[in-house]
Amino acid sequence: MDERYDVVVVGGGAAGLSGALALGRARRSVLVVDGGQPRNAPADAMHNYLGRDGTPPGELLAAGRAEVAGYGGQVVTGEAVSARAEDGGFVVRLAGGRQVRSRRLLVTTGLVDELPDLPGLRERWGADVLHCPYCHGWEVRDRAVGVLSTGPAGVLKALLWRQWTADLTLFLHTGPEPTAEEEEQLAARGIAVVTGEVTAVESSGDRLTGIRLASGRVVARDALVVSPVFTARSAVLASLGLAAADVAMPDGHVVGRAVPAGPSGASAVPGVWLAGNVTDLMSQVVTAAAAGLQAGAAINADLLSEDLRRAVQERRAPFSPSAERELCETVLGDRRHGI
Ligand SMILES: Cc1cc2nc3c(=O)[nH]c(=O)nc-3n(C[C@H](O)[C@H](O)[C@H](O)COP(=O)(O)OP(=O)(O)OC[C@H]3O[C@@H](n4cnc5c(N)ncnc54)[C@H](O)[C@@H]3O)c2cc1C
């Protein structure tokens, strides 16, 4: 285990690569370990990223990897399985047994969209089974769209998607019955409501064609909006003692679980920063990238303070007992690790 970096970034999506770019440009040594499965991989194009609207998700990340490499950052494809604090830094273990050391950690592992368990639904995810109107609304404007209600936010979601199409059907499925006020709102916006359990999503070739109900009826639709449960990919953080917590919307309903962090991404474990969907479930690509940059700058500032403290200590008492002990520990540690 002789690999040492200022920062290991776990997760190389928009958040991780943006953090690595900032750190590389700040002349820090950086390793990005990335599993290569960004959340938006099923989508053909990425929207609402100013200057890159419509870019295929993989294209943005390939450009990001090249930019990080241009400043000396290393990007490897692989999975980090755990991390532990050691000697004032961290040891990260990768699948396959490789271990790397770093002074700081930036974890940007994203989230998993847990989809409703209905036959035919997963196959169409990201194409015409959708969740985010800002990502896909324009692409299905004026089309026949269904909204699958699986919880208290079903009606709200239908009222939101009405902005993109007037041909909207709310499938109550496992969601609650609308209140009298909600019924009035749905009627006022011309949104059809279908009661009864949904049993399948029907497709023909490469397009969604309808929604099958338990009664056998099939309602013709071009797209279906669902509300996945957003679950942070937090295994590496759990190994450091950082747990995910429920995230609730202002009306109180829980949308998923994320690992809490402060405004610049600092977690409850000193030296560990978070950015993107792993800590902010609502983050889009551009905001994940912004959070990565912010965390990268905060990490650099933290390293600067440590470098400064050490430099002042050395200048004041180059041969003080504590400086000697630190030097001995470094030399012994390096010998132990074969350097
Ligand atoms: C279908 C779909 C379409 C979307 N469309 C848009 C859109 O048009 N515009 C938009 O702004 N947003 C869109 N989003 C949201 C967008 O995907 C997220 O905002 C964005 O991906 C968050 O970036 P991130 O860096 O936090 O996570 P991700 O992009 O998910 O990257 C996380 C990375 O970490 C890696 N990873 C995870 N665990 C490990 C580990 N243990 N070791 C190593 N690597 C690991 C993963 O493989 C992945 O590469 C869409 C989402 C979905 C589901």
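In this predicted model, a nitrogen atom of the ligand sits 2.9 Å from a backbone N or O atom of Ala 80. Two further pairs involve oxygen atoms of the ligand: one is with the backbone of Ala 14, at 3.2 Å, and one is with the side chain of Asp 34, at 2.7 Å.

| Residue | Part of the residue (N or O atom) | Ligand atom | Distance |
|---|---|---|---|
| Ala 80 | backbone | nitrogen | 2.9 Å |
| Ala 14 | backbone | oxygen | 3.2 Å |
| Asp 34 | side chain | oxygen | 2.7 Å |

On its own the ligand has 990 Å² of accessible area, and the protein covers 98% of it.

The shell around the ligand is made up of 37 residues. Asp 34 is among the closest, together with Gln 37, His 47, Asn 277 and Ser 283. Several elements contribute at least two residues each: the helices α1 (14-25), α3 (133-136) and α7 (285-316), and the strand β2 (30-34).

The protein chain is divided into two parts, domain 1 (4-113 + 229-313) and domain 2 (122-225).

Nine residues of domain 1 are in contact with 10 residues of domain 2, while the C-alpha centres of the two domains are 34 Å apart. Between them the domains bury about 810 Å², and carbon and sulfur atoms account for 57% of that area. On the domain 1 side, the residues that lose the most area to domain 2 are Pro 42, His 47 and His 253, which together make up 45% of what that side buries.

Conventions
Residues numbered from 1 in each chain as written. Predicted model: local features only at pLDDT ≥ 70, side-chain atom pairs only at ≥ 80, totals over all residues. Heavy atoms only, no water. Near = heavy atom within 4 Å. Polar contact = N/O pair within 3.5 Å; in protein donor to acceptor, adjacent residues only side chain to side chain. Areas by Shrake-Rupley, 256 points an atom, 1.4 Å probe, with all protein chains shown as cover. Helix = DSSP H or I, 4+ residues; strand = E, 2+ residues; numbered from the N terminus. Domains from an automatic or database assignment. Contact = heavy atoms within 4.5 Å. Buried area = accessible area lost by both parts, 1.4 Å probe.
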